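This report covers how one part of a structure is packed. Please have the sequence and the model at hand.

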Amino acid sequence: MSEHLPELSTAYAPADVESSWYARWCDSGCFTADPTSQAPAYSIVIPPPNVTGILTLGHVLNNTLQDILARRARQTGHEVLWLPGTDHAGIATQTVVERQLRKEEKKTRHDLGREAFLAKVWEWKEKHGGIIIGQLKKLGASCDWSRERFTMDEAYARKVQEVFVDLHKKGLIYRGKRMVNWCPVSLTALSDEEVIPKKQKGYLYHFKLEVVEAPGTWLEIATTRPETIMGDTAIAVNPMDQRYAHLIGQHVRRPLPLNVEALLPIIGDEAVDFEFGTGVLKVTPAHDKADYEIGLRHNLPVIDIMNANGTLNDLAGEGFAGLDRFEARMEAVERLKELGLLTKEDPYENNVGFSERADVPVEPRLSEQWFLKYPKTLEARDAVRKGLIRFFPDRWEKVYDHWLENIQDWCISRQLWWGHRIPVWYPAESLATGTTEGIRVQIESPGEGWTQDPDVLDTWFSSWLWAHDTMDEAVRGKFYPTSVLVTGPDIIFFWVARMIMAGLEYTGEIPFRDVYFTGIIRDKTGRKMSKSLGNSPDPLDLIAKYGADGLRFGIIRVAPQGQDIKFDEKQIEEGRNFANKLWNAVRFREMQGPATASPDLTGLELPEIAIHLLERFDTMHAALRGAYADYRFHEVAGLLYDFFWGDYCDWFVEAAKPILYSQSDEDSSAKAAILATMDVVLSGILRLLHPLMPHLTEELWRHLGYTAAASASAWGARNGFLLYTQPPEENHLSGVSHERISAAAASTKALYSAVHAVRNLRAEFKIPSKQQVRFLLASKGDLGEFTKLQSAIFAALTRASAVELITGSAPAGTPSILTDIGTISMPLEGLIDLEAERARVTTEIAKVEAELEKVNAKLADQSFVEKVPAAVLEDHRLRHTKWSEKLETLKTTLKTLG
RNA sequence: GCGCGAUUAGCUCAGCGGUAGAGCGCUUGCUUCACACGCAAGAAGUCACAGGUUCGAACCCUGUAUCGCGCACCA
């Protein structure tokens with residue numbers, strides 16, 4: 001603790017400070033949770049980033065918030081577990097490794113085979129999977145790294161499979177041939193949540209077909225997907241539609257493929273909207289969800305004309321087979337034109353579902369998949385409705401509730417190799433026949449001759465167990481349910497809702513009490529930041545430039561609860577500047593001699609400016625506790641910033657200088673009181689700021705040689721760190737009477753506002769800032785004597801050569817101003833421009849008259865005076881007095897100017 | 001179509017019933033013995049629009065507009 005420390009440099013250089021403190025915390029086990037601790041538990045599980053991930057600004061925001069909560073909890077005496085980890089990100093990771101394989105070895109995963117490919121993925125994971133973890137450490141994240149988890153860890157993976165087996169046993173998991181969202185690039189099914197609707201500009205094509213039984217009668221059909229005509233098996237109209245109802249039961253000839261002009265029945269189905277297009281629908285059961293339903297109702301054949309990769313197959317016929325679906329669209333249009341059937345091409349905008357990962361239109365595809373009927377949906381809704389789980393901001397409750405109300409079964413199988421393999425075994429005969437008879441749902445192989453389902457589970461089917469299955473028995477006993485979850489609203493369905501259901505199903509408890517939803521970080525033009533747009537600055541560059549603490553503080557200060565954030569590097573620069581300000585304020589303190597963190601103020605005679613400052617500090621601290629209570633982090637940052645920069649640096653330190661620099665013996669007790677006040681406030685600020693700027697505050701704490709009461713959860717090697725130091729006390733002025741406090745506050749405020757007014761006067765008259773000026777003060781007296789100390793402070797802050805107390809009004813022709821301490825005039829010995837001063841005073845009079853008029857109008861209003869609360873009325877009366885006085889003074893001044 | 005946000009100083013955003021705020025940018029002075037990543041002073045706003053409630057509205061209510069997001073629809 002008492003190591004020799006060099007003097008602080010004039011500018012804070014974060015790089016070394018940050019890495020060395022991070023290492024010391026880790027080496028001392030500061031982040032390692034102790035399940036046997038007696039201290040109350042506080043726990044958070046990290047939203048696991050993808051192993052393929054690199055840190056984005058979104059992660060910075062999200063993890064800084066978690067770190068703030070974790071560090072604040074440690075300071076307030078909790079035993080903290082912040083459990084970190086990553087998820088295996090099935091599609092993303094497999095894609096990355098496949099791409100690398102193609103590039104480096106010109107091979108596909110099929111060339112390697114399943115086992116060899118998976119070995120490659122693991123190899124890749126070991127090599128690159130830790131990147132984002134390393135980045136979180138650079139940010140200062142105080143995670144318990146000894147408990148880092150991965151969704152493919154052996155124990156965790158086993159849990160995932162057990163859950164599958166269990167839910168199957170409960171009848172909630174089933175296999176079925178259904179229409180699913182198919183990604184033709186990733187070659188797998190997707191859940192509904194992984195499909196992102198995007199507006200697409202295309203065409204609505206109209207073509208006509210002649211009714212076979214009624215030559216000369218043509219039906220006109222509107223479609224956006226003419227390439228699926230070859231898969232059509234009926235034409236549908238609404239049975240209530242007078243235009244077409246009589247044609248039901250008759251037929252048309254399908255125009256494509258050319259050589260097989262099949263007859264299609266005209267059917268009646270109420271799903272057809274008369275208003276849309278022509279009111280006639282082509283029915284393609286194999287390639288459209290709604291059409292599939294119609295097909296089921298009418299027993300229509302299903303013709304699948306597409307391959308898994310989105311190209312057309314042989315059933316599409318010559319000229320189409322092998323074409324990509326979008327090439328085929330153009331081709332189909334050409335053919336229809338040639339046949340003279342195309343009647344219209346209207347430009348048309350519609351929503352097309354895109355694959356979240358591959359960013360290509362998904363293809364509705366009929367396939368065998370595993371589905372889950374969600375467990376505990378009612379309980380999950382109730383947990384939030386009844387406030388067992390609280391959402392911040394609470395508007396997300398509605399979104400959550402709505403989703404659960406309309407919940408659909410979840411397609412959980414993925415046609416990938418990287419992931420948790422589905423624990424289902426098929427006997428040889430079932431494989432041959434394609435039936436599901438005789439299959440076994442269990443983790444271990446039933447023996448020779450059984451084949452495991454080749455598919456894996458949706459990554460979210462593993463991460464929905466994250467809140468409880470990352471913990472062993474002992475840890476769960478202490479730390480589950482977790483205290484809070486911090487995440488983005490974009491995964492409210494993917495993760496939050498599902499985790500609540502899993503928690504209820506498998507632990508019988510909610511997984512977390514509070515959920516804090518962050519805002520989404522956008523670029524200057526309002527676009528969401530993403531890898532593909534390349535509009536996200538690299539947080540590591542920002543850390544290199546501004547320091548992790550600067551980055552953290554900067555981003556927190558502009559992140560109001562649940563509101564999206566338009567990112568601007570200037571914001572981070574401000575964070576860095578604030579760090580530097582703190583650094584220099586501490587430097588200044590060190591120059592004044594040795595410091596102590598918790599000096600006893602009771603025996604000291606505190607100057608009024610000190611009482612005022614401590615009162616401001618306590619007020620700020622109370623507001624800060626309130627802000628923490630409902631996760632208003634940007635307010636926490638704002639309170640600390642405003643108090644420290646404004647109240648402490650700009651006013652208190654500057655006002656304290658004449659005392660600190662005084663050589664006179666009679667000032668020595670005031671000097672001691674000032675230094676003690678500085679220590680109280682600096683140590684308090686460092687403690688309160690620590691969760692936001694951990695490295696810098698810890699460095700300064702150590703540098704100042706501060707020590708203070710450790711929190712209840714500090715033991716052994718944890719002792720002595722600011723990280724485990726309690727927040728400052730809540731009431732620093734318990735030994736001072738209320739009268740004295742309010743008198744000190746009033747006189748200090750008056751003094752400061754007089755300083756401000758006089759500085760303004762100086763500037764108005766263009767007095768060079770170096771030039772000292774003599775001021776005359778006609779004291780108002782209602783604040784008591786203008787003390788020697790106040791006079792010294794006033795002189796120092798206004799660069800006065802002297803402040804002479806006078807009685808009566810200011811000398812004629814002297815610029816003067818009414819302040820809260822009295823009328824202050826600035827005799828310039830004939831140097832002033834009378835004309836300019838008259839103009840200044842006249843403008844001022846106009847302003848004051850306008851204000852006075854406003855107050856007068858209110859006070860003259862009978863109903864205002866009667867109905868308004870007493871305090872407000874008093875406030876207005878006071879205002880009236882003030883403006884009136886001011887006006888009087890100004891008028892007198894104007895008169896003396898001639 | 002339904003729901004949710006946003007609209008306040010040139011920019012980024014606070015404030016959400018009692019005299020319109022911050023930071024940046026801008027103007028003017030300052031190499032003042034902690035800090036130019038700084039200090040001091042200043043200019044700058046019909047708080048999107050229209051109604052309503054209230055003694056009083058940026059704030060509450062009802063509409064409208066623009067932008068964004070989610071859900072549904074999507075032939």
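## A helix pair

Helices α10 and α16 lie roughly perpendicular to each other (65 to 115 degrees counts as roughly perpendicular). Their axes cross at roughly 110 degrees and come within 9 Å. Axes are lines fitted to C-alpha atoms, for helices over the stretch in contact, and angles run from 0 to 180 degrees between N-to-C directions. Helices are DSSP runs of H or I with at least four residues, strands are runs of E with at least two, and both are numbered from the N terminus. Helix α10 spans residues 377-385.

T377, E379, A380 and V384 of α10 meet I500, M501 and L504 of α16 (contact means heavy atoms within 4.5 Å).

## The sheet

Three strands form an open sheet in the order β15-β23-β22, and the pairing is parallel (a pair needs at least two DSSP bridges). The edge strands are β15 (390-392) and β22 (482-487); each has a single partner strand, so one side of each lacks a neighbour in the sheet. On average, neighbouring strands are turned by 20 degrees against each other, direction ignored.

Strand β23 covers residues 512-517 and is joined to β15 by three bridges. F392 has Y516 of β23 as its bridge partner. Helix α16 (residues 492-507) packs on this sheet and touches β15, β22 and β23. The direction of α16 makes about 170 degrees with that of β23.

## Basis

The model is predicted: local features need pLDDT of at least 70, side-chain atom pairs count only at pLDDT 80 or more, and totals for chains, interfaces and linings use all residues. Residues are numbered from 1 along each chain as its sequence is written, chains are lettered from A and ligands numbered from 1 in the order written, and side-chain values use heavy atoms, without hydrogens and water.

Conventions. Angles under 35 degrees count as roughly parallel, over 145 as roughly antiparallel, 65 to 115 as roughly perpendicular and the rest as oblique.
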